[in-house]
Amino acid sequence: MSSIALRVGVGIVCAVIPTFMAGGWVRGAGKRLAKIEAGEVVSDEAEAEAGDVAIATAADEGYCNGDLRKILRRVLQSCGLLGSGEVRGCQPLQAKNVATMTGEDFNALFLPLSQRAGIIQFDKDSSELDQQDTALLDKIFADQRGASYFFVVARSSPEGEAEHNRELSQKRADAVMTRLRTAFNDPDLDREVGMLWLGEEYAQLDTNFCAWSRSGATDKCKPKDINRSAFVAWIDCRL
Amino acid sequence: MAGSVPGRLHLVIVVIACIVGLAFASVSTFDFAQHLDRQVHDLHCSFIPGQRTNAIDGEAVGCQVTLMSPYSSVFRTRVWGGIPISLPAMGVFAFLAFRALDTLGRRGLARRRSAAWLFIFSFVPLLASIVMGAIALVELEAACKVCIGIYGASLVVVLAAGLAHASCRHTVDDEDSSASSVPTNGVWAMVGAAQLGAFVGIPMLAYVGMMPDYSRYVGTCGRLPDTADPGGVMVALDINAAGTPAVEVFDPLCPACRAFDKRLAASGLDARLHRRAVLFPLDDTCNWMVEGAVHPGACTISEAILCADAASQKVGGGPTANMVIEWAFEAQDNIRAATKADPTAAKRLVGERFPELASCVGTAEVQQRLNKSLRWAVAHSIPVLTPQLYVGGVKLCPEDTDLGLEYSLTGLLEKRGSP
C-alpha cells in the first residue's frame, strides 16, 4: 500500500513540475502585459517600443525659414492652392503684394534650392518647351521626394511691352503646367503646383543663377536669356 | 551493482536523460511563453540549458527561426501564439522519468512489463524529434541548439530504455514473482496511455487557462482613413478578388517583411485576403523619412517592382511584380550588401536578373510612382515602420505580426465577417 502511495506521489510530483512551471511563466507574462497596458514599462524592449514611433510626414528642410514659409503660405493662398479658392496662378502685382520684399530678397529665399531647382529657358518671345526643356522639367518634377509644393516662377526679359511680357510669362507658366499634366498622371497636381508669373517687373534673375541646372545652352546666359524662363523647384516645407 | 537489480543503471540513465530533455524543453517553453507579453525578448540558444544568447548573434538565428515558425506551436488560430510544441515535450519527459522511477521500484514480471512499456513509450519523443528535426532541416533550414538538446535527450532515452528492457527481459525470469498479481499488457498500455495523456494534457490546460484575453487587442491599433488608391500606387499581390481587401506596407529588402511574408503564407490566411502592396523602402535615396539607407538598394528594387507591375498590366508577359518581390526576398542580403559597397549595384543586379526591366528602373515615371507611394504613407499618417498589414482598413497590431499572427488575423477577419 505504501508502495502504491509512493508511486502516486512520485507521479503527481512529476506531473506537477511541468504544469507549475508553464503556468507560472504564462502568469508572469500576463502580469507584464497588464503592466505594459497600464503604462508601466517593464523591459528595455518594451521601453524602446513605447517610444514615439515616427509618423510618415512630408519633408521640412532647414531652409524653410519664417520668410519663406510666409511667402509660401501667402502665395499658395492667393493662388488658390490653400483654402477653397478656384484661382490658378497669380498676377505679378499680386506676387509683389504677397512678397513684401525686394526682388533680390525674394530670389535669395530660393538660393538654398540650388540642388533641387531648374531653370527652363525659352526662346525669345516664345512659350514653347523644346526637348531639353521637357527633359529638365521631367527630371526635376520626378525628384519630388518629401516636398509638398512645386513652384513654377515664370519670367520674361525686359524687352518689349510690360503687358505683353506679363502675358508671355503666364503662357510660359501654363506651358510648364500643361507638360506636367501630360507627362505625369498625378491626381495631386492641382494641389501641389503653385504658379507665379512675374513678367519683367519683379525679381529678375541675375547671372549667378547661370550655374544652376538650366535647359539653355551654355553660352546663353546673359540676363535677358536667363529671364526668358520658368524657375521650377520642389519646396521641402510643411505648412 | 547493475547485475543485482536488472536494468537499474539503464533506468537511472533514462531518468537523467529525461531530466536533461525536460530542462531543454522547459527552456524552449519559457522562451516561447515570455513572448506572451507581446514584446520582443532574447532567447536561450545554447547546449547549456538556460544560457542566454543575444538575439542578434548568429547562433541565435536558428532558435529565432524555429521559435517564430508556424511549427513551433499548435492551435495558433484559437490561442494567441498557439500552444508551444515544447510544452507537451515537457510532459512527455516528465512522464518517462516517472515511468523509469516506477520501473526501478518494481520487481519480477512487473518490472519486465514496465520496462517493456517504458521502451515503447520512449519512442514518443524520438518520433516527435525526428519529425521536428526534419521540418527544421528541410522546411526551415535552421538548426536550434535547444531543439538539438531535446532530440539528443530523446535518443538517449530510447537507447537506455531499450537496454533496460533487454536487461530485464533476460534476467527477470529467474526472480520470484507472482504473475497473477501483475496487470496484463493491455492494462499496462491503457494505464500508460492515460498517464501520458494526463502528463501532457494537464500542463496544456494550465497554459491555456492562465493566458490573458488577447481578443481585446484585436483591431485596436488604428485604421486607415481610407483604402482608396487614386494615384495607382498599389501593387496587387494576388488575384484573389473575393478575399478581404488588405493593404500591406512593406520594403522589399526588409528582413522582417520577408519573414512576415513567409509566416503569412505558412499560415494559409493569405488565401482569405486580397492583398495590395504599398512600397515603403527604408532607404534615404528616395525616402526622406529615414536617416540613411536602412536597407541600401530598397528604392531601386521598389522601382523594379513598380516597373514589372506596370509592364505586366500594359503588355503582359515579362516578369510580374510578384516575381520581382520573390527574387528580392530571396536575394535581399546580397542586394543590401552589394549596394552598400557600390550604390549602383542594385540596378545592376536587377538588370542581370530581369533584363526587361533595366530600361525602366531609374526613369522619371517610375521614380514618381514610387514617390507617390511614399506620399500615400504621408497622406494616411502611417508609422514609419515595415511591415504593416491593414485588413479592411484596420491595422494588424505590430505585436501580432509574429507569434500572434494567426490568432489576431483570424480575429480581424472574423470581425469583418470574412469567410
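Where in chain B is the place of Glu141(B)? In this predicted model, Glu141(B) sits in the loop that runs between helix H5 (123-140) and helix H6 (145-171) of chain B. Its backbone is worth a look: phi is positive, at about 50°, although Glu141(B) is not a glycine. Most residues other than glycine have a negative phi.

Is Ala203(A) buried or exposed? The count for Ala203(A) is 24 C-beta neighbours inside 10 Å, so this residue goes down as buried, the cut-off for that label being 20 or more.

Back in chain B, there is a backbone feature of another kind. The peptide bond leading from Thr386(B) into Pro387(B) is cis, with omega near -5°. Most peptide bonds, by contrast, are trans. Pro387(B) belongs to the loop between helix H12 (364-379) and strand E8 (388-391) of chain B.

Now for chain B as a whole. The chain holds 13 helices and nine strands. Its radius of gyration comes out at 27 Å, whereas the globule rule gives 22 Å for 419 residues; the value is well over the rule, so chain B is more spread out than a compact globule. Along the principal axes, the C-alpha trace of chain B spans about 95 × 45 × 35 Å. Of the 419 residues in chain B, 49% are buried. Contacts tell another part of the story: among those in chain B with a separation of 6 or more, 74% are between residues 24 or more positions apart.

Which residues of helix H11 are buried? They are Ala346(B), Lys347(B), Leu349(B) and Val350(B). Looking down the axis of H11(B), these buried residues fall within an arc of 160°, so they line one face of the helix.

Note on methods. Residues are numbered from 1 along each chain as its sequence is written. Chains are lettered from A and ligands numbered from 1 in the order in which they are written. This is a predicted model: local features need pLDDT of at least 70, side-chain atom pairs count only at pLDDT 80 or more; totals for chains, interfaces and linings use all residues. Helices (H or I, at least four residues) and strands (E, at least two) are DSSP runs, numbered from the N terminus. The radius of gyration is taken over C-alpha atoms; the globule rule is 2.2 Å times the number of residues to the power 0.38. A residue is buried if 20 or more other C-beta atoms lie within 10 Å of its own, exposed if 12 or fewer, and partly exposed in between; C-beta atoms are placed from the backbone. Two residues are in contact if their C-beta atoms, placed from the backbone, lie within 7 Å. The arc is that of the directions from the helix axis to the C-beta atoms.
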